[in-house]
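Okay, thanks everyone, let me get this one up on the screen.

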Amino acid sequence: MTHVGFVASALASEGERQAFARRLGDLLATRPAGHSLPQAFYTDPAVHDFDIETVFGQCWLMIGFEVELPRPGNYLALTIGRTPIMLVRGRDAALRGFFNSCRHRGAQICADGAGRSARITCPYHQWTYELDGSLVHAGAMPEGFDKGMHGLKPLAVEVVAGAIYVSLADSPPDFTAFRADLEPMLAPFNLKDAKLAHEITLVEKANWKLVMENARECYHCAACHPELGITFPIGISPNFSADEGARLAAYRDRMTAAGLTVGPADGPWWQCARFPLNEGCVSMSMDGQPLVKKPLIEAYGGDTGSFRFAIEPHNFCHALGDHVFMFSAYPTGPEETIVVAKWLVHKDAVEGVDYDVPTLIHTWDQTNRQDRDLAENNQRGVNGRGYMPGPYSQEAEALVLRFVDWYAAHVAATVETALAGVNGTSPTLVEVA
Ligand code: FES
Ligand SMILES: [Fe+2]
């Protein structure tokens, strides 16, 4: 397969795009149902281009929490694929998203990371923007230069009960049904009263789909995650349904009595479900006991199991009574993925008194590092001549299958759009069931 980026190269001819789309479609058609993907989907630079343009460039992505930008001037900058973006809290307290490319000659304005600034100034020639994205200073430009035409390009942002979602797409997928499912289930955690306690970025030498396949199953948990296995019910049904068994039924009744929806509630690209931890466990810790003295949720003093919410293509979170854990993956190369992990606790919890960071992060940080090793090892094997797509367990890998089928359907729909001759513009994401 030659390296012709599907839409990344604006210079690709319509014929080249269609030829690439046809090859991708043909390759996908070789995948037996219920199996992992053909090798090129995990290794090929052209597929990586395709993924960052048509998956990460079109879907909704979860990048963090509103409390990370508590005051006017707070910003959060990160790069998705090749696209730097930023979120900024305005003087009017509104949260806005912008493409982090200067409207002068395109330089990245804010370095990736978090910070606070009265205005947004490009480091190159000092063009300066208000917190609402409008251009307020551009030196040495001719008379009649219209600053009003050169504000920062806005980015689609949605906030749901404190969780921030962005999309790079001009026309993002409809968000309404996802919001309707997530909002009532997440709201009881009062995330406006939380704070970011810690954040870790891991670089994983593995394709993002291998990272996410790993993140969508617990088939490997008993053997590979001794810390997580203390509290995480590794045998729970793959969709986290709390319908089975007397203990799960009792959990459902107990949550329902407190007004907490259990679910599962899901849609084409999301899953939301509350589920109980192992017997006697109230948080994902080494002894099952809370990690933070001040709970986030009022019900039962925080003894509410875990609320898992996840979106394709790249994210899952666990909201526990005392903290929230977020995992978001971003492809940075055909065989490299960045995983951003964040931990939230109650804003009044005092570090060193009500919690300590090494203890708070231990279970998930260990788990993430174990998963990084598993994904990297998976990549090494997939790269070999001996690799061929293998069968997923319908039982233990149901959510992996769902993820891969979602991806395959997305590829198929995008290819179909391209072959229908949609004249070289970015293909529209087709929502797939
Ligand atoms: S590129 Fe930003 S001021 Fe010139
Ligand atoms: Fe894992």
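So, what percentage of the 433 residues of the protein chain count as buried? It's 54%, with buried meaning under 20% relative accessible area, using a 1.4 Å probe and protein chains only.

Before I go on: this is a predicted model, where local features need pLDDT of at least 70, side-chain atom pairs count only at pLDDT 80 or more, and totals for chains, interfaces and linings use all residues. Residues are numbered from 1 along each chain as its sequence is written, chains are lettered from A and ligands numbered from 1 in the order in which they are written, and side-chain values use heavy atoms, leaving out hydrogens and water.

We've got ten helices and 17 strands here; those are DSSP runs, H or I of at least four residues for helices, E of at least two for strands, numbered from the N terminus.

Now the sheet. Seven strands make an open, antiparallel one, ordered β11-β17-β16-β15-β14-β13-β12; pairing takes at least two DSSP bridges between two strands. β11 (194-204) and β12 (265-267) each have a single partner strand, so they're the edges, with one side lacking a neighbour in the sheet. At the β12 end, three antiparallel bridges join β12 to β13, residues 270-275, and Gly267 sits opposite Trp270 of β13.

What packs on it? Helix α5 (residues 208-215) touches β11, β15, β16 and β17, a contact being heavy atoms within 4.5 Å. Then helix α10 (residues 398-419) lies across β12, β13 and β14.

Terms used: Axes are lines fitted to C-alpha atoms, for helices over the stretch in contact, and angles run from 0 to 180 degrees between N-to-C directions. Buried means under 20% relative accessible area, exposed over 50%, partly exposed in between (1.4 Å probe, protein chains only).
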